[in-house]
Amino acid sequence: MTFLVVVVVSAALIVGALWGIYGKLSSRTEGFVIALAGGALIVSLVTELIDPSIEQSNLWVGLGAVAAGAAVFSVVDYWIDEKWGAEGGGGLLAAITLDGVPENLALGVALIGAAPIEVAALAGSILLSNLPEAAGGAKQMTGNGFSKGKTLSLWAMTALILSIAAVVGNIALEGVSPHVLAATRCFAAGAVVASLATEVFPKAYKEDRHMAGVATAIGVILAVFLGELATA
């Protein structure tokens, strides 16, 4: 079941890339869906990663790891922007991978000892964020001169890398100290929080500024609803 959850979430990158290469994707639609996914991720990170980790370990381990994850993500994100440029094909792919690795690592860790329904909100919000990110990225890459075949191959490679991150998070960390597990979850959560602030919400607002707030609220509502289903 863990394998199935990971495959479905990562496959959203390939589906999104196909959508961006061959389908029609308006900027407003992309912005709306990205904002919705961001809202869902906010709730999921707190309820599925940060709160359980603090209960499992302690407040300072959890909050310290969140801060460390955000700091490391921000430094690496800055380095990618400076080296490749935020709008270039390589920089875009690296940025998406940087966003996705902590998300999928967190997903794999969250699945340790939990039924998939218990992390439904986290898995669903990651899937929702993967679709428009891949669609917009693939559309931009083909617009920058990449062939359709090369673009799709690169996104398939990215999906494989992120799948490996989730599997590593699930297998390699099983059985480790509760404090290590809690710190890893919160570190990944902090990295995703930083990506929401620097990549996700700015893009959503740029593409659909009038409905971005509504879409974010809808994402929050969906994540809370899925979380309540899991505990029912």
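Begin on the inside of this predicted model by selecting Leu45, Leu49, Leu107 and Leu122, which touch the most other members of the largest nonpolar core, a set of 28 residues.

Now return to leucine 49 and show what surrounds it. Which residues is leucine 49 in contact with, leaving aside its neighbours within four places in sequence? They are Ser44, Ala106, Ala110, Leu122, Arg185, Cys186 and Ala189.

Next, select residues 27-56, which form helix 2 and number 30. From its first C-alpha to its last, helix 2 reaches 42 Å, close to the 44 Å expected at 1.5 Å a residue. Follow helix 2 along its length until you come to valine 46, where a kink of about 35° is centred.

Helix 5 is the next selection, and its 24 residues reach 35 Å from the first C-alpha to the last, close to the expected 34 Å. Just after helix 5, stop at glycine 145, which takes a positive phi of about 105°.

Move on to threonine 216, whose place is in helix 8. Is threonine 216 buried or exposed? Its relative accessibility is 18%, and because buried means under 20%, threonine 216 counts as buried. If residues up to four places away in sequence are not counted, threonine 216 touches Ala35, Leu36, Gly39 and Phe201.

Finally, zoom out and select the whole protein chain, which has eight helices and zero strands. Its C-alpha atoms fill a box of roughly 50 × 35 × 30 Å, taken along the principal axes. A compact globule with 232 residues would have a radius of gyration near 17 Å, and the protein chain agrees with this, having 17 Å. Of the 232 residues, 47% count as buried. Among the contacts in the protein chain with a separation of 6 or more, 85% are between residues 24 or more positions apart.

Definitions and conventions. Residues numbered from 1 in each chain as written. Predicted model: local features only at pLDDT ≥ 70, side-chain atom pairs only at ≥ 80, totals over all residues. Heavy atoms only, no water. Helix = DSSP H or I, 4+ residues; strand = E, 2+ residues; numbered from the N terminus. Expected span 1.5 Å × (residues − 1). Bend = angle between axes of the 7 residues up to and from the residue. Rg over C-alpha atoms; globule rule 2.2 N^0.38 Å. Buried < 20%, exposed > 50% of the residue type's maximum accessible area, 1.4 Å probe, protein only. Contact = heavy atoms within 4.5 Å. Core = buried A, V, L, I, M, F, W, Y, C linked by side-chain atoms within 4.5 Å.
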